[in-house]
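Please keep the structure in view while you read.

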Amino acid sequence: KLIKYMGGNNFYTMTPTLSIIIPQYKTLELIRLCIRAIKQFSVLNPEIIVIDNNSGDASSDYLRQVKNITLIENKRKCSGADAHKLALDLGIKKARGKWILFFHSDSIVLKKGWDKDLIDLTKKTSGTIGATTIYRDINRFAPWYTKCLRHFKERSSFFNYTFNVTNKKIMSYCFLIERQFLLKTKYQFKDSEGDVGDSLYQHHIKNKKPFILLGRNMLNRFIWHTSNATSLAAGLMSDEKSKEKFMKKRNQLLSSDIIMSLLQNKALDKR
């Protein structure tokens, strides 16, 4: 059997405003924090859908006992980006919210009402179908002076947001999109190339629909993104500098009083 649905609310009386889709692979410590933080700091009672990509370890055991999530156990043997893309497609089929949020298991929300703030931001302009953030220049071979000019031009929006079309890479660790719009595109992540958020943006959003690009520091006000946790767990990260950077961010995260409180609050697993 390819897919096994477990846990959560199997009988629903109302459509949620937001469905959060979280692929995970062997990230026990972080997926625990991710789910508990969502439960602690959300105000819209979002639908939480976790897709476990055949972890077969303590993270799978943990997810099976968490209440009020929908767990999809993906038994297909695939790894890396392919597993992540398949997980998103499986999550979309199960999601019922007006809005869908693609989330990484190493994304930890830290602000009360973060979910309402994000959706309210999209409602400020009519027709807006989603929001996310950007990462780096797609053209890494651009002259230094072009990069320098772009840096100063974008600095003013670094703490805010913009609707301007971008040539920078679109990130997917906190990618909000209107569910009906996504379904109408008939987009399949498993058939996409490159980063999932960037591919969806380039094919169906760029120059077509109003879409919010958040300044990274603006997004960082309510979310912590450790990055590369799944790659490290899957043995896909071999660069020592990247490993050191990951461990440094992880240690910073675990030194936070908020995070320590979440780790100790086992009651959130039952809520």
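## A pair of facing residues

Ile-21 stands opposite Ile-49 in strand S3. The model is a predicted one, in which local features need pLDDT of at least 70 and side-chain atom pairs count only at pLDDT 80 or more, while totals for chains, interfaces and linings use all residues. Residues are numbered from 1 along each chain as its sequence is written, and side-chain values use heavy atoms, with hydrogens and water left out.

## The protein as a whole

The protein has eleven helices and twelve strands. Of its 271 residues, 46% count as buried, where buried means under 20% relative accessible area, exposed means over 50%, and partly exposed lies in between, as found with a 1.4 Å probe on protein chains only. Among contacts between residues at least 6 apart in sequence, 82% join residues at least 24 apart, a contact being heavy atoms within 4.5 Å.

Strand S2 covers residues 18–24, and because seven of its seven residues are buried, the strand is largely enclosed by the rest of the structure. Both of its faces are covered, with Leu-18, Ile-20, Ile-22 and Gln-24 buried on one side and Ser-19, Ile-21 and Pro-23 buried on the other.

Which strands pair with S2? Two strands pair if DSSP finds at least two bridges between them. S2 and strand S5 (residues 99–103) pair in the parallel sense over four bridges, and in this pairing Ile-20 stands opposite Leu-101 of S5. Six bridges join S2 to strand S3 (residues 47–52), and these two strands also run parallel, with Ile-20 opposite Ile-48 of S3. From S2 the chain crosses through helix H1 (residues 28–41) to S3, in a β-α-β crossover that is right-handed; this term applies if, with the strands pointing away from the viewer, the path from the first strand over the helix to the second runs clockwise.

S3 is mostly covered, since six of its six residues are buried. Glu-47, Ile-49 and Ile-51 are buried on one side of S3, while Ile-48, Val-50 and Asp-52 are buried on the other.

Four bridges join S3 to strand S4 (residues 70–74), and the two strands run parallel. In this pairing Val-50 stands opposite Leu-71, and Ile-51 stands opposite Ile-72. S3, helix H2 (residues 58–65) and S4 make a right-handed β-α-β unit. S4 is mostly covered as well, with five of its five residues buried; Thr-70, Ile-72 and Asn-74 point one way from the strand, and Leu-71 and Glu-73 point the other way.

Not counting residues up to four places away in sequence, Ser-19 touches Glu-47, Ala-95, Arg-96, Gly-97, Trp-99, Ile-100 and Leu-101. A polar atom of the side chain of Ser-19 lies 2.8 Å from the backbone nitrogen of Gly-97.

Asp-106 is found in the loop between S5 and strand S6 (107–109), and because its relative accessibility is 3%, Asp-106 counts as buried. A polar contact of 3.3 Å joins the side chains of Asp-106 and His-225; such a contact is a pair of N or O atoms within 3.5 Å, where within protein one must be able to donate a hydrogen and the other to accept it, and where residues adjacent in sequence count only if both atoms are side-chain atoms. The C-alpha atoms of Asp-106 and Glu-29 are separated by 9.1 Å, although these residues are 77 residues apart along the chain.

## How helices H1 and H11 meet

H1 and helix H11 (residues 257–264) pack at an angle of about 100 degrees, with their axes 9 Å apart. Axes here are lines fitted to C-alpha atoms, for helices over the stretch in contact, and angles run from 0 to 180 degrees between N-to-C directions. H1 is therefore roughly perpendicular to H11, a description used for 65 to 115 degrees, whereas angles under 35 count as roughly parallel, over 145 as roughly antiparallel and the rest as oblique. The contact is made by Arg-32, Leu-33, Arg-36, Ala-37, Gln-40 and Phe-41 of H1 and by Ile-258, Ile-259, Leu-262, Leu-263 and Gln-264 of H11.
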